[in-house]
Amino acid sequence: MSEFITVQVGQCGNQIGSAFWPLALQEHGISASKPVAQQQRSRYNDAFHSFFSSPHDVSGASYKTISDLESAKVKARAVLIDMEDSVVARFRKGPLRKLFDETLLLTNYPGSGNNWAEGHHAHGSEYASRIVETVRRAVERCDHLHGFLLMFSVGGGTGSGLGTATVKLLHDYFPDVDRFVTCVYPSGHEDVVTAPYNVLLATNILLEYATCVLPADNKSLLDICAYLQNRKESIESAKVVAASNPYEDMNSVVVNMLLNFTSGSRFPGSLNVDMSELSTNMVPFPKLNFLSCGLAPLGFSSTHILPVAKQVEPWARDHQLLKVDPLAGTLLGATLLSRGNVTLSDLRYNVSRLQNRGKFIPWNQDAIKVGLCNVAPAGHPAAHLSLINSTSMSGFFSHIGGQFDRLYRRKAHIHHYLQVESFSPEEFITSRQSIYDTIGHYQQLGETQNAVLDRLNVV
């Protein structure tokens with residue numbers, strides 16, 4: 001089976017990681033809170049080594065509890081990086097503390113001060129060799145490394161700065177290994193005044209060095225959690241959701257997306273998708289590598305039951321992890337990944353609906369890749385994930401550029417960045433121009449669609 005290394009950077013990245021590992025274990029029938037039936041465990045043990053390494057290469061079927069993992073010295077394929085120790089310290093003290101290798105944890109104090117330049121240039125240069133060595137140590141424990149899963153936010157300093165510096169290092173030292181980046185964008189109401197600078201500078205690096213970017217924003221995640229809290233399908237489910245922590249729930253939504261995203265490379269399936277094919281199919285031009293992700297069901301608890309497969313539209317606007325309506329623009333590519341109790345006829349039905357509703361680029365009217373994994377997610381009979389590369393992403397980039405412009409035209413707070421050695425004020429200009437160019441490329445592709453429609457109307 002394929003193997004993945006998660007690279008968690010900054011406070012947000014490690015908080016997502018804190019939700020990732022319990023749910024990853026739950027997929028293999030291992031829970032720290034309650035035992036799981038043997039018949040459930042038997043469905044997942046073949047893919048155990050995708051996220052976990054065992055010194056004796058024992059099958060996942062041998063592990064029933066957290067104590068079994070500790071006895072066998074099983075370790076998560078995880079690299080934890082943060083310039084503050086507080087979040088990583090929770091991994092060292094939590095119930096899964098024995099699951100993480102101390103040699104793969106890298107921390108420092110103090111942090112990056114919400115300054116992309118501090119994280120990217122200062123810490124990125126100082127810790128570059130240690131980061132590469134730490135990642136190399138994790139890579140050497142893999143037999144079939146499929147890709148890196150990077151998690152961080154882009155509003156602060158460490159995630160945006162050191163996170164993107166790590167993406168560049170992986171590009172340079174492991175060029176043949178895909179870099180799938182899950183990054184969280186601020187909603188605009190946070191207390192980080194310099195967030196527009198950090199977001200734009202980080203986005204420019206991701207356009208250049210990430211294989212695929214799976215963005216989410218806090219506003220969409222909050223709306224999803226609010227929707228789930230308002231659902232009153234039963235008294236029991238209402239109690240469970242009401243007792244949950246919204247930030248933990250937001251992280252769980254992102255984690256469910258990642259688990260569904262990698263399911264085809266980890267589990268058997270009648271129509272599985274190899275993740276190495278995704279960038280080829282989904283990124284037709286350089287720097288157009290941001291994919292809109294839609295998830296169904298939205299629930300993160302087994303109390304939320306999946307609707308009938310033919311009623312699921314993961315590409316719907318309310319199901320997106322980013323405030324973007326992918327069907328509002330021209331579709332450059334789409335992937336529908338389903339897992340669990342989904343038939344081929346259901347899959348064909350969903351493909352047909354997407355083809356009828358979406359406006360595909362003229363030179364690729366059949367740009368839909370499909371995947372069907374046999375193994376359902378823990379707690380649900382089935383799940384669906386849509387990945388869409390749409391020209392409507394230009395609106396997202398325009399929003400990033402607009403927020404940056406409002407702050408930069410007054411030159412507010414830029415002295416904090418200029419105080420960092422090796423940071424040049426030209427980076428603001430080149431990064432902004434890169435965003436403009438990307439917006440222009442999206443708009444040009446959208447105009448191509450319109451031009452073809454005009455010619456058809458004339459005829």
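Is lysine 73 buried or exposed? Its relative accessibility is 60%, so lysine 73 counts as exposed. Please keep in mind that this is a predicted model. Lysine 73 sits in the loop that runs between α3 (66–71) and β3 (75–76). Its phi is positive, about 60°, although lysine 73 is not a glycine. As background, most residues other than glycine have a negative phi.

Histidine 413 is another residue, not a glycine, with a positive phi, here near 70°. You will find histidine 413 in the loop between α14 and α15 (414–418). With a relative accessible area of 30%, histidine 413 is partly exposed.

One peptide bond also deserves a look. Going from alanine 296 to proline 297, the bond is cis, with omega near 5°. Proline 297 belongs to the loop between β10 (292–296) and β11 (330–340). Most peptide bonds, by contrast, are trans.

Now the whole chain. The protein has 459 residues, and 58% of them are buried. It contains 16 helices and 14 strands. If we take contacts between residues at least 6 apart in sequence, 83% of these join residues at least 24 apart.

Beyond four places in sequence, the contacts of histidine 121 are Trp116, Val420, Glu421, Ser422, Phe423 and Glu427. Histidine 121 has a relative accessible area of 15%, so it is buried.

Next, the interior. In soluble globular proteins, nonpolar side chains tend to be buried together. Here the largest nonpolar core holds 64 residues, and Phe148 and Leu206 have the most contacts inside it. Helix α8 (residues 195–209) supplies the largest share of this core, with 8 residues. A separate core has 60 residues, including Ala24, Met151, Val253 and Phe261.

Helix α6 (residues 128–139) packs against helix α7 (residues 158–173) at an angle of about 60°, and their axes are 10 Å apart. α6 and α7 are therefore oblique to each other, and their crossing is right-handed. On the α6 side the contact involves Ala128, Ile131, Val132, Val135 and Arg136, and on the α7 side Leu162, Thr166, Leu169, Leu170 and Tyr173.

The other pair is α8 with helix α14 (residues 393–408), at about 135°, with axes 8 Å apart. At that angle, α8 is oblique to α14. This crossing is left-handed. Among the residues that meet are Pro196, Tyr197 and Leu200 in α8 and Phe397, Ile400 and Phe404 in α14.

Last, confidence. Average pLDDT for the protein is 86, and 86% of the residues score at least 70. Which elements have the lowest and the highest mean pLDDT? Helix α2 (residues 38–41) is lowest, at 43, and strand β8 (residues 212–213) is highest, at 98. Over residues 37–43 pLDDT stays under 50, and the model has 10 contacts beyond four places in sequence for that stretch. Residues 232–243 also stay under 50, with 9 such contacts.

That is all from me.

Conventions:
Residues are numbered from 1 along each chain as its sequence is written. This is a predicted model: local features need pLDDT of at least 70, side-chain atom pairs count only at pLDDT 80 or more; totals for chains, interfaces and linings use all residues. Side-chain values use heavy atoms; hydrogens and water are left out. A nonpolar core is a set of buried Ala, Val, Leu, Ile, Met, Phe, Trp, Tyr and Cys residues joined through side-chain atoms within 4.5 Å. Buried means under 20% relative accessible area, exposed over 50%, partly exposed in between (1.4 Å probe, protein chains only). Helices (H or I, at least four residues) and strands (E, at least two) are DSSP runs, numbered from the N terminus. pLDDT is the predictor's confidence in each residue, from 0 to 100. Contact means heavy atoms within 4.5 Å. Axes are lines fitted to C-alpha atoms, for helices over the stretch in contact, and angles run from 0 to 180 degrees between N-to-C directions. Angles under 35 degrees count as roughly parallel, over 145 as roughly antiparallel, 65 to 115 as roughly perpendicular and the rest as oblique. A crossing is left-handed if the near helix is turned anticlockwise from the far one by less than a right angle, and right-handed if clockwise.
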